[in-house]
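Colleague: I am new to reading models like this one. Can we go through it together, one question at a time?

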Amino acid sequence: MKAVWQLWLQPWKRMPVLAALVSLMWLAAMGMYLFSVDSEVDLNAAALGLIAFGSWFWHIGQGQILRELCRPESFLMPDFLRRLTWTAAIDAAQWVLLPALLSGLLGLPHAWLIAAALLCVAALGLVSSQGRRAGLLIWPIFIVAGWKPELAVAALHIALQSPLTAPLLLLVAVLILHLSLRPLLRIDDRDIETSPLESMSLDRSNNIGGTPPPRGALSKRLVGLFDRTSQRALDLALRSYRQQPGARQRLTLIRRLLLPHDNPLAIALRLTWVAAFVTIYFFAAIHRQHFNAAVVGAYATLLTLGRFPQLGRGMQRIRPNLADLYLTLAPTTHAQYQKTLADALLILVPISVLSAVAYTLLGIALTHAAEPVRMLMTTIIVTSAASLVALAVHLIGPESTLGRTLANIVVILGAMASYWGGYWLIGALGYVFGGGLVAIIALSFGLSVWFAGQREYQRRKPSFDAPMA
Amino acid sequence: MPAELPIAIAAPNAAPALDGMPVLRVDALSKSFEKRQVLQAIDWSVPAGRVIGLLGRNGAGKTTLLRCLLGLSPIDSGQIELFGEPMIEPGGERMHRVGFVPQSFDLFPWMKVRAYLDFTAAFYARWDHALTARLLDSWQLDPRQKIGQLSQGQRQKLAIVRAIAPQPDLLVLDEPVASLDPQARRAFMAELLELTRRPGKTVIFSTHITADLERADADIALLRDGRIQFTRPLAELRECMHRVILSRAEGWLEVPPIAGMLKANIKGHEAQLLVEHPDIENLQALAVQLNASLRIETPTLEDLFVELA
């Protein structure tokens, strides 16, 4: 049992805050159940909701820990799988069986259904942390609920009465668990890592501890496609540099090295790929009541800004590799080298703006937005400024995870506030005055932050030390 | 494609197994990465109670072979038997008997050394806590430090502690000393030799530091062209392999034909030949016939590796 205990302890060691919060939620739910025994106030349903909410977060964390733990070497530990199964059984008892049993004992109907639904929630939490597309299985429910809310409610009532619902939910849970756990428990050759500065939007999840998430066949094919575009772009850049070895060609070459998937073909491919998912999102969200079409631009800005936190993490992880680049470039001064890097990364700003524009256009087309020009204008101005700020922040920003997370939150909240403020101002003052005013305020702020950030980055000495854990 | 070695290959398990059964048996093992074939129908058998030094050039497939043997990398075809049972996936009681030091230890960087060892120890029936404490102390590993903060050499030390502590019957070491300083390497070799003195302990040891294999008196297995070319005791290799040097003032246009010749180099006035089981009388007669002086040397393991790998 020592090994099972050690496995059970992992969330507490790895994610103590999450573990503590979620355990408090679990304890509060148990308290509600106990309170309901002697009280006339029925808190059973609230307790169940709390359990479901906590279970979702807990299993997202558990999924991340499993991803870190289930490496081929771990399977050399005796009975690793059996002990993992025991830990899963304890987990299921805590988050599924006990709450379902208490709900049943305290008079809530459909105990089996509750158990199956809680298992589904746990499975969805697990799959959400895996970067697996099985996590998208939840989307059809939202789409149907968005399109036909009355139908969804009627279906829910019928489902509650049907004896088939519980086994069906159980089957769905098992399917999701199978899809999420199978790649983790399968011993496979490790995927080759991409550049740490690369956008993670393809895998829909971050590398954990430098370990790329296990990829499915489709992901592998996609990555292969991206790699081919990178190779082609590098070949072109090399040819161009050999023909005319100027500063611009050199910068392109450095970009091809650091940001291999940010060549024109790969950008087009990524836009298409993300657009497909955005379309699904719109199909899910468009039929909701009180849907605000202007949210499309804000969402597009949010989506493109998601690239920069990965850049911040990647800039730390790539440090040891940059020593080689430093020696290759042989700069006269540290500042010159830092400037070269900053200039190379500046390409991310137009790429972000282009992406935001593309997503906004797609959104406009899908939602038949009433004021497309206003949305586009706001998106272009705000994304340009926000990208400059985000790039500067991640070049010189805090090293710690907490500090970076806080900086990200500030940047994203600031960008969202700017978007809505800008959108309102353009609406109130018109395209020329409103747009001009927003552009002056946002861009002057963005450029000021960028130039200050760039200056600070150049002032700093380059670091080639591997980041600490 | 280099030619096959014209060597009289001894039976794969030349050294007798202690209990009559090899610890590890491999039949027709093949493995490729995409279109690159790394291991080609390998047949290999590792007897119990021996130290096997797995030699091969960079990219020969040593790491891949070791990972396949332990089920850490899926194979394309073939069969592997570990402790007499098919190794389809790592599992079962036999895992208590296996220790592994990977080439690079990049596991669990967020864990502290003590927490990691406690975590791992919980899985094993035989975990030598005294040995762990002694090695942590003598190898100056701070149990309170996070693995991610350790240097590469310190991580390798930790991986060795982790692999030895369960007192494994089979210890698989993938270039374990590559990042160690000389003191640590010597200390590690002392521990390894101590381990191999116990009956029935088998070590498979991939390394480029041939002096370590000489110290451990290992059987040498050479991996080349995706195959194990031979597995032979070091003493036997030393006994049968000799460097024959024929020297004459006018030099050599072509290599003189000698029975058992494995490799030949012409360097200035000298023809340097690696010969298996050289017949001294015939060689002396040949030297007289060719008007050359004859010198016979016993090559070091490193020399043999350079010539054969």
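Colleague: In what order do the four strands of the open sheet in chain B stand?

Modeller: Residues are numbered from 1 along each chain as its sequence is written, chains are lettered from A and ligands numbered from 1 in the order in which they are written. The model is predicted: local features need pLDDT of at least 70, side-chain atom pairs count only at pLDDT 80 or more, and totals for chains, interfaces and linings use all residues. Strands (E, at least two residues) and helices (H or I, at least four) are DSSP runs numbered from the N terminus, and two strands pair if DSSP finds at least two bridges between them. In chain B the pairing is antiparallel, and the order is S12-S13-S11-S14.

Colleague: Which strands stand at the edges of that sheet?

Modeller: Look for strands with a single partner. One side of each then has no neighbour in the sheet, so the edges are strand S12 (261-267) and strand S14 (293-297) of chain B.

Colleague: What is the average twist from one strand to the next?

Modeller: Angles run from 0 to 180 degrees between N-to-C directions, with axes fitted to C-alpha atoms, for helices over the stretch in contact. From strand to strand, the twist averages 20 degrees.

Colleague: Which residue of S14(B) is the bridge partner of Arg243(B)?

Modeller: Start with strand S11 (residues 241-247) of chain B. It pairs with S14(B) in the antiparallel sense, over five bridges. The partner of Arg243(B) in S14(B) is Glu297(B).

Colleague: Which helix packs on this sheet?

Modeller: Contact means that the C-beta atoms of two residues, placed from the backbone, lie within 7 Å. The helix touches S11 and S14 of chain B, and its direction makes about 150 degrees with that of S14(B). It spans residues 280-289 of chain B and is helix H8.

Colleague: How many residues of strand S3 of chain B are buried?

Modeller: A residue is buried if 20 or more other C-beta atoms lie within 10 Å of its own, exposed if 12 or fewer, and partly exposed in between, with C-beta atoms placed from the backbone. Val51(B), Gly53(B) and Leu55(B) point one way from S3(B), Ile52(B) and Leu54(B) the other way, and all are buried. For S3(B), residues 51-55, the count is five of five.

Colleague: Which residue of strand S9 of chain B is the bridge partner of Gly53(B)?

Modeller: S3(B) runs parallel to strand S8 (residues 202-206) of chain B, joined by four bridges. There Val51(B) has Val203(B) as its partner. S3(B) also pairs in the parallel sense with S9(B), residues 219-224, over four bridges. In S9(B), Gly53(B) has Ile220(B).

Colleague: How far apart are the centres of domain 1 and domain 2 of chain B?

Modeller: Domain bounds come from an automatic or database domain assignment. For chain B it gives domain 1 (24-237) and domain 2 (241-308). Taken over C-alpha atoms, their centres are separated by 37 Å.

Colleague: Which helix gives the largest share of the side of domain 1 that touches domain 2 in chain B?

Modeller: The contact takes seven residues from domain 1 of chain B and six from domain 2 of chain B. Helix H6 (210-215) and helix H7 (234-240) of chain B each supply at least two residues of the domain 1 side. The largest share, three residues, comes from H6(B).

Colleague: At what angle do helices H12 and H16 of chain A cross?

Modeller: Two packed helices are described by the angle between their axes and the distance between the axes. The axes of H12(A), residues 295-305, and H16(A), residues 348-367, come within 8 Å. They cross at roughly 150 degrees.
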